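Open the model in your viewer and follow the stops below. Each stop gives something to select and says what is there.

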Amino acid sequence: MCGIFCVYNYQGDVAKYRQRALELSKQIRHRGPDWSGCIVADNHIICHERLAIVGIDTGAQPLTNDDESLILTVNGEIYNHKKLEGQLKQPTAFKTHSDCEVILHTYNEIGTDVCAKLDGMFSWALLDRRSEKARLVAARDPIGITTLYIGRVSAHPETVYIASELKSLNEECDQIDEFPPGHFFDSEDGQFHRYFKPDWWEAERIPTAPVDYRQLRESLTTAVRKRLMAEVPYGVLLSGGLDSSLISSIAVREAARISATAQSDAEDIDTRSARYFPRMHSFSVGLPGAPDLLAARKVAKFLKTAHHEFTYTVQEGLDAVSDVIFHLETYDVTTVRASTPMYLLSRRIKSTGVKMVLSGEGSDEVFGGYLYFHYAPNPDEFHKECVTRVHNLHTSDCLRANKSTMAWGLEARVPFLDKDFLQVAMNVQPQDKLCSKDLMEKAIIRRAFDVDFPDAGFTPEEITKGPYLPHDVLWRQKEQFSDGVGYSWIDSLKESADAKVSDDDMANAKARFPFDTPDTKEAYLYRKLFEQHFPQKACLSSVQRWVPRTDWGCSADPSGRAQKIHNSTTH
């Protein structure tokens, strides 16, 4: 991933404004520390901050066609770039080895229809100068794994700003909105257009297909295999919980399988990374003695990964909170709690030379894994909540995974949000996803990878490879990441907020923060820190708070420990 910034239809001396554009782009250089690029064309400016993962020798951006009538800046990875290259109708000479260049050439042939053909995580902006009036097309991936914002200045509404992060826009624009996932923006009509239209997107449509465990397992395996595309050292984030452990196990198996075979020219998936770096590295973080550290250690030993275990103190975590809020650009309590250890871990990972990791975000939304799902009143409501949570991932877990890692120039890839896997998983009837006091949450995906489960549909060849994970790990109960790194972490955050925010502050919270008023001292502190970094009113519009379904009778505290069901279910 990288950082992108562009200004379309600037009103003023564009040559003079170039330096200001470079300064604004520099605000997100942490996302792309490897190289910077800038093209000024007419009254438009396109910038790029590069993190080199694929095509490291030739992939500098912005990318252009031969006559520079098309200029593209991209943040992301296109996993099906080989397939798309093969579908081009016109003879095309690629200038780079970047997986993103195919966007430029496919757009040249089919226009905005390119968006729906991309399989990956991406945010991009393309300037089309082939007509008398230049056209800006910008797009964001279906779920919002990558971050993207659009800004405007009321004095010049014809000017459009696009940036990977808020901090490139907050001093320049008086209107800033999060760019909606699964859409593209077209300057020809000034509107967003939805291109991602899967049949499961509408929550009111309740699926009726029974689970096919083998299909579920194979589609997740393919999703992981796609993401082993890199020319740099890579690894896995391993908390020892179900999601990260499953992704790690699949990645180890696929990397071994890929490295043992030759790359086929006919294969659609780019698998160079597993040949360059066949030994899988795993990374975990927590307070000393944290549940996650102990569980991750066990999984790493089972998978035989090169494991790296990092610890931090409560004080180190508290000291980082302000920086975390600056990088995350949110004051949501849940996101700040979970992002701080991930932010600290990402810094340590980058120091090892690793630039890309696989992570387990998305599983809890897809399968109803949060403990409050035990309180769902019926299967239909369970499914609707899953769909809603997937819709809102870009405001919480995706935002956390992207910005916590990219703060240090580390890329996180999330197989559970692969669009083909989602097509399978989100079309399973909700009855097969339900949890109860007698059945642990996410039993459906646990069973799909449990060699002892008779309906999992394992082939004899799969069985000979043994279990994916130790049984007690496969059936370990959900821990919120902010809980698993050490139960005292959240308690310490609350105690720190209690010491810094007075009762008088809370009594006057409505007057101080009339919009989205904080209701706890912890929320008040994060809101105060957010305002210090982003005092402009326009910065508030993109923030959303994550809370459980209190109308289902569960606690409003997002910590998993706050739910009565914690440690009371079995499989």
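**Whole chain.** Select everything; this is a predicted model. Along the principal axes, the C-alpha atoms occupy a box of roughly 65 × 65 × 45 Å. A compact globule of 571 residues would have a radius of gyration near 25 Å, and the chain's 23 Å agrees with that.

**Secondary structure.** Switch to a cartoon view. The chain contains 22 helices and 17 strands. Of contacts between residues at least 6 apart in sequence, 73% link residues at least 24 apart.

**Surface.** Of the 571 residues, 63% are buried, that is, under 20% relative accessible area.

**The largest pocket.** Which residues lie nearest the centre of the largest pocket? Select Thr221, Glu254, Glu462, Lys465 and Tyr468: these lie nearest its centre, out of 16 lining residues. Next, colour helix 5 (213-226), helix 6 (242-259) and helix 16 (460-464), the elements that each give two or more residues to this lining. Helix 5 contributes the most, with six residues.

**Lining by class.** Colour the lining of the largest pocket by residue class. How many of its residues are charged? There are ten charged residues, alongside three polar and three nonpolar ones. Finally, display the pocket as a volume: the largest pocket holds about 360 Å³.

Terms used:
Residues numbered from 1 in each chain as written. Predicted model: local features only at pLDDT ≥ 70, side-chain atom pairs only at ≥ 80, totals over all residues. Heavy atoms only, no water. 1 Å grid on protein atoms, 1.4 Å probe; cavity = no way out; pocket = protein on both sides within 12 Å on 5 of 7 lines; lining within 4 Å. Points joined across faces, edges and corners; volume = space filled by probe spheres on them. Helix = DSSP H or I, 4+ residues; strand = E, 2+ residues; numbered from the N terminus. Nonpolar A, V, L, I, M, F, W, Y, C, P; charged D, E, K, R; others polar. Rg over C-alpha atoms; globule rule 2.2 N^0.38 Å. Buried < 20%, exposed > 50% of the residue type's maximum accessible area, 1.4 Å probe, protein only. Contact = heavy atoms within 4.5 Å.
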